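Student: Can we go through the side-chain packing in this one? I'd like the cut-offs along the way.

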Amino acid sequence: MSQKESPERWLLVSLGNRFRGDDGVGPYLLDKLRSQLKGSADFLESGNDMVTLVGHWKDRQVCLVDAILSDEQKSGELIRADGLADIIAPSNCTTSSHGFNLREAIDLGRVLGALPRRLEIFSICAENISSCDHLTAAVRLGAERAEQELLAFLQGDNGQS
């Protein structure tokens with residue numbers, strides 16, 4: 001990319017299942033961000049399909065949003081990670097609705113030479129991942145905070161004000 005070209009578009013990816021309670025926070029955030037970042041980012045609702053994700057993220061700048069289960073953090077808390085530099089433990093990268101977890105997808109991408117150039121992970125601690133189509137109050141508040149932090153990060157990275 002030359003200096004005169006516009007910045008590379010980020011690929012925003014959501015993981016999770018809209019019908020598993022707080023596991024739907026990724027798709028929920030992606031919907032909100034689509035309306036605010038029209039034309040300035042690409043979007044992928046990946047659900048549980050980590051293998052397809054590896055094919056989409058190669059050589060891209062990726063922001064990934066997902067729910068996680070954690071005994072150490074409160075519901076709704078935002079956890080950020082650099083997916084290429086930080087150690088992503090299996091317990092901190094997936095909920096029970098994913099069959100193939102994010103750490104395994106990163107490992108597969110590394111073996112195949114199909115990693116993103118950047119992988120920023122925004123995870124929100126889930127409270128309830130049972131079958132339902134709504135977020136708990138704590139996770140909804142966490143999603144609002146994550147939305148603002150994601151927008152600030154993306155706008156700052158693209159040199160926007």
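Student: Which charged end sits over the ring of Phe-153?
Tutor: That of Arg-80, 5.1 Å from the ring centre. A charge sits over a ring if NZ of Lys or CZ of Arg is within 6 Å of the ring centre and within 35 degrees of the ring normal. This is a predicted model: local features need pLDDT of at least 70, side-chain atom pairs count only at pLDDT 80 or more, and totals for chains, interfaces and linings use all residues. Residues are numbered from 1 along each chain as its sequence is written, and side-chain values use heavy atoms, leaving out hydrogens and water.

Student: How many aromatic pairs are there?
Tutor: Two, where rings of Phe, Tyr and Trp (its six-membered ring) pair if their centres lie within 6.5 Å; planes under 30 degrees apart are stacked, over 60 edge-to-face, the rest tilted. Trp-10 and Phe-153 are edge-to-face, 5.4 Å centre to centre with 70 degrees between the planes. Trp-10 is in strand 1 (residues 10-15) and Phe-153 in helix 4 (residues 137-157), so the pair ties together parts 143 residues apart in sequence. Helices (H or I, at least four residues) and strands (E, at least two) are DSSP runs, numbered from the N terminus.

Student: Which residues do the ring pairs link into a cluster?
Tutor: Trp-10, Phe-122 and Phe-153.

Student: Are Trp-10 and Phe-153 buried or exposed?
Tutor: Both are buried, meaning under 20% relative accessible area, with exposed over 50% and partly exposed in between (1.4 Å probe, protein chains only).
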